[in-house]
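The entries follow in the order I made them.

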Amino acid sequence: MEVWLAGLLGWLALPKFGLGALFLVAFISATLLPMGSEPALLGLIKLNPDMFWPGIVVATVGNTLGGMVDWWMGYGTHKAVERWKHSPVHVRALAWLERMGPKACLLAWLPLVGDPLCAVAGWLRLPFWPCAAYMAVGKFLRYLLMTGAALWAFPGFFGQ
């Protein structure tokens, strides 16, 4: 197991694989797996300050595609949710999502609730492309603001 983990970490090493590793980490972190992609983006920018915009774009695309996978997983899970269908929390959340429509996917960047939100949007069969567009806008703004804030808060740390 240790050799496998070392090999995986070596494969994901940012200096060697750059934007590909960032894409993979951003994609995986947008699924329902508990993982953050911001440290990978900041690490890439630390090693390559000129990769700020390409890093933001690649992280946004990877994270948005991962959110779209969540949407498709939610789209196919009607029967799994039947047992919770009448709980008060479920009813309120569904009413809110149906009222907001695809615009609710702007919140796909939020920790803990953003990824399940994408899945529920698919489960409700909200329109795919508007949801994907709102996901992309929200995730882009998150990466831009968080990376900009980190560069502002720690200017010497990132080699700028």
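I took axes as lines fitted to C-alpha atoms, for helices over the stretch in contact, with angles from 0 to 180 degrees between N-to-C directions. Helices (H or I, at least four residues) and strands (E, at least two) are DSSP runs, numbered from the N terminus. The model is predicted: local features need pLDDT of at least 70, side-chain atom pairs count only at pLDDT 80 or more, and totals for chains, interfaces and linings use all residues. Residues are numbered from 1 along each chain as its sequence is written, and side-chain values use heavy atoms, with hydrogens and water left out.

Fold. I found nine helices and zero strands.

Helix pair. I looked up H3 (residues 19–30) against H5 (residues 52–75): they pack at about 35°, with axes 7 Å apart. The crossing of H3 and H5 is right-handed (near helix turned clockwise from the far one by less than a right angle). Contacts (heavy atoms within 4.5 Å) involve Leu22, Phe23 and Phe27 among others in H3, and residues including Val58, Gly62 and Leu65 in H5.

Burial. Of 160 residues, 39% count as buried (under 20% relative accessible area; exposed is over 50%, partly exposed in between; 1.4 Å probe, protein chains only).

Contact range. Among contacts with a separation of 6 or more, 74% join residues 24 or more positions apart.

Leucine 106. I placed Leu106 in the loop between H7 (88–100) and H8 (114–123). Leu106 is partly exposed, at 33% relative accessible area.
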